[in-house]
Amino acid sequence: LAVPQIVLVAVLIWVVGCSGTGARDYQLPDDPKHSKNFTFGKQVAGNIVPTKDPIDRIGVSGLREVVAEIKNTTNSPITFWYKFDWYDAQGFPAGGEPRWEKKTLQGNEHSNISSIAKGQGAVKYNIAVQRNSPYN
């Protein structure tokens, strides 16, 4: 590639990488043992927060299990939706379409959300949290 083409490719990569929905995104880590990935929709960002790194372990079934503690940082109840997206070692979706779960936290309440991988190949995950129902 010529220098102008390299610059154009770099700019395109930067533009695509910077575009988004305004959500607070964390990238999938390289080491699945230390995966602590959350994506918060802008309506809940800052109001629902993780309180510590998720617990990520292999359960008695042999499948990966994740437990994440979250907190409502406001004084009012918040109802939100969450799901766990699972990925294989190459970053491709694993285990089928995840199901959204509805949860309500009272003001300043802590709670756990959890998921069990749908198959042996699921080694990485992302926890998506949003205020609005995904079914509307």
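This is a predicted model: local features need pLDDT of at least 70, side-chain atom pairs count only at pLDDT 80 or more; totals for chains, interfaces and linings use all residues.
**Exercise 1. Find out how strand 5 and strand 8 are paired, and how many bridges join them.**

Step 1. Strand 5 and strand 8 run antiparallel, with 7 bridges joining them. Two strands count as paired if DSSP finds at least two bridges between them. Strands here are DSSP runs (E, at least two residues) and helices are runs of H or I with at least four residues, numbered from the N terminus.

Step 2. Residues are numbered from 1 along each chain as its sequence is written, and side-chain values use heavy atoms, with hydrogens and water left out.

**Exercise 2. Work out which way strand 3 and strand 4 run against strand 5, and what sits between strand 4 and strand 5.**

Step 1. Start with strand 3 (residues 48–50): 3 bridges join it to strand 5 (residues 64–72), and the two run antiparallel. Val49 faces Lys71 in strand 5, standing opposite it.

Step 2. Now take strand 4 (residues 55–58), which is antiparallel to strand 5 and joined to it by 4 bridges. Here Asp56 stands opposite Val66 in strand 5.

Step 3. Look at the connection: strand 4 and strand 5 make a hairpin with 5 residues between them, and Gly62 in the turn has a positive phi of about 90°.

Step 4. Leu63 is also in the loop between strand 4 and strand 5. With 18% relative accessibility, Leu63 counts as buried; the cut-offs are under 20% relative accessible area for buried, over 50% for exposed, and partly exposed in between (1.4 Å probe, protein chains only). Leu63 and Val123 are 60 residues apart in sequence, yet 9.0 Å apart in space, C-alpha to C-alpha.

**Exercise 3. Count the salt bridges and inspect three of them.**

Step 1. The structure has 5 salt bridges. To qualify, a side-chain nitrogen of Lys or Arg must lie within 4 Å of a carboxyl oxygen of Asp or Glu.

Step 2. One of them pairs Glu69 with Lys52, at 3.9 Å, N to O. Glu69 sits in strand 5 and Lys52 in the loop between strand 3 and strand 4, so this pair ties together parts that are 17 residues apart in sequence.

Step 3. Another joins the side chains of Arg64 and Asp56 at 2.8 Å, N to O. Arg64 counts as buried at 12% relative accessibility, and Asp56 counts as buried at 17%.

Step 4. Then there's Asp85 with Lys83, at 3.4 Å, N to O. Asp85 is buried, with a relative accessible area of 13%, and Lys83 is buried too, at 13%.

**Exercise 4. Decide which elements build the largest nonpolar core.**

Step 1. Get the members first: the largest nonpolar core has 20 residues, and Ile48, Phe80, Phe84, Ile127 and Val129 touch the most other members. A nonpolar core is a set of buried Ala, Val, Leu, Ile, Met, Phe, Trp, Tyr and Cys residues joined through side-chain atoms within 4.5 Å.

Step 2. Sort by element: strand 2 (38–40), strand 5, strand 6 and strand 9 (124–130) each give two or more residues to this core. The largest share, 5 residues, comes from strand 6.

**Exercise 5. Describe the largest pocket: its space and its lining.**

Step 1. About 260 Å³ of space lies in the largest pocket. On a 1 Å grid over the protein atoms alone, a pocket is an open set of points where a 1.4 Å probe fits, with protein on both sides within 12 Å along at least five of seven lines; lining residues have an atom within 4 Å of a point. Points are joined across faces, edges and corners, and the volume is the space filled by probe spheres set on them.

Step 2. Its lining has 18 residues, with Phe84, Pro98, Arg99, Ser115 and Lys118 nearest the centre.

Step 3. Strand 6 (78–87) and strand 8 (110–116) each supply at least two lining residues, and strand 6 gives the largest share, 6 residues.
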